[in-house]
Amino acid sequence: MAFPPAHLLVGAGVAEVARSIAPPLPRWRAWAVGASLAVVPDLDIMLGLALGRGAEYHGTFTHSIVATLAGALAAGVAAGWRWGLLAGAGYGSHLLVDLLDDRGRTNVLLGWPFTHERPFAIARVFPPVPFGRAGGLRESI
């Protein structure tokens, strides 16, 4: 899992690119939506905690292309194609950041539900949050 501010910043940056493709989205709203949707996939941790299963669901169905497309489609139906494009870009940026973190196998299930194969990181750009080590999140900050 990459450091959460990386998701926020990349989500806002991707939103700016989406704005250039699908104007006239208001900048501050586009950035807020892109950044917010970029952290939504990690809410699967909350699901696991609510069900008493800890981080068991982290990196599962919410970290897939199917979830990205479903979110984009839902936003497109609810608010129009421009917002659908922005939603897909913001949410999808989370998967990209996770594929660029500093480790071997990622927590991304790109092909879910068709495959449960976890791809390897494609580059070492973002440091991961060291949950398993002493210091954990505090050490990352």
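Which residues are linked in a network of salt bridges? E16, R19 and R27 are. The structure holds three salt bridges (a side-chain nitrogen of Lys or Arg within 4 Å of a carboxyl oxygen of Asp or Glu). This is a predicted model: local features need pLDDT of at least 70, side-chain atom pairs count only at pLDDT 80 or more, and totals for chains, interfaces and linings use all residues. Residues are numbered from 1 along each chain as its sequence is written, and side-chain values use heavy atoms, with hydrogens and water left out.

**Helix 1**

- Helix 1 runs over 4–21. Helices are DSSP runs (H or I, at least four residues), numbered from the N terminus.
- Helix 1 has 18 residues, which should span 26 Å at 1.5 Å a residue. The expected span is 1.5 Å times one less than the number of residues. The end C-alpha atoms of helix 1 are 26 Å apart, in agreement with that value.
- The buried residues of helix 1 are A6, H7, G11, A12, A15, A18 and R19. Buried means under 20% relative accessible area, exposed means over 50%, and partly exposed lies in between (1.4 Å probe, protein chains only).
- Helix 2 (27–39) and helix 5 are included in what covers these buried residues.

**Salt bridges**

- R19 and E16 meet through their side chains in a salt bridge, at 3.1 Å from N to O. Both lie in helix 1, three residues apart, about one turn of the helix.
- An α-helix has 3.6 residues a turn, so residues three or four places apart point the same way.
- R19 is buried, with a relative accessible area of 19%. E16 is partly exposed, with a relative accessible area of 24%.
- The side chains of R27 and E16 form another salt bridge, at 2.7 Å from N to O. R27 lies in helix 2 and E16 in helix 1, so this pair ties together parts that are eleven residues apart in sequence.
- R27 is partly exposed, at a relative accessible area of 44%.
- R53 and E56 also meet in a salt bridge between side chains, at 3.7 Å from N to O. R53 is partly exposed at 43% relative accessible area. E56 counts as partly exposed at 47% relative accessibility.

**Nonpolar surface patch**

- V17, I21, W81 and L85 form a nonpolar patch on the surface. Together they have about 410 Å² of accessible area.
- Accessible areas come from the Shrake-Rupley method with a 1.4 Å probe; for residues, only the protein chains shown count as cover.
- Patch residues have over 30% relative accessible area and no salt bridge: like charges are joined within 9 Å, and nonpolar side chains (Val, Leu, Ile, Met, Phe, Trp, Tyr) within 5 Å.
- Helix 1 and helix 5 (81–99) each supply at least two residues of the patch.
- L85 is found in helix 5. L85 is partly exposed, with a relative accessible area of 33%.

**Aromatic pair**

- The count comes to one aromatic pair. Rings of Phe, Tyr and Trp (its six-membered ring) pair if their centres lie within 6.5 Å; planes under 30 degrees apart count as stacked, over 60 as edge-to-face and the rest as tilted.
- F61 and W112 form this pair. The geometry is tilted, at 5.9 Å centre to centre with 50° between the planes.
- The pair links distant parts of the chain, 51 residues apart. F61 is in the loop between helix 3 and helix 4, and W112 is in the loop between helix 5 and helix 6.
- F61 counts as partly exposed at 32% relative accessibility. W112 counts as partly exposed at 27%.

**A buried serine**

- S64 lies in the loop between helix 3 (44–50) and helix 4 (65–79).
- S64 is buried, with a relative accessible area of 0%.
- S64 touches L95, L109, L110 and W112, not counting residues up to four places away in sequence. Contact means heavy atoms within 4.5 Å.

**Cis peptide bonds**

- Most peptide bonds are trans.
- The bond from P23 to P24 is cis, with omega near 10°. P24 is found in the loop between helix 1 and helix 2.
- The bond from W112 to P113 is cis, with omega near 5°. P113 lies in the loop between helix 5 and helix 6 (136–140).
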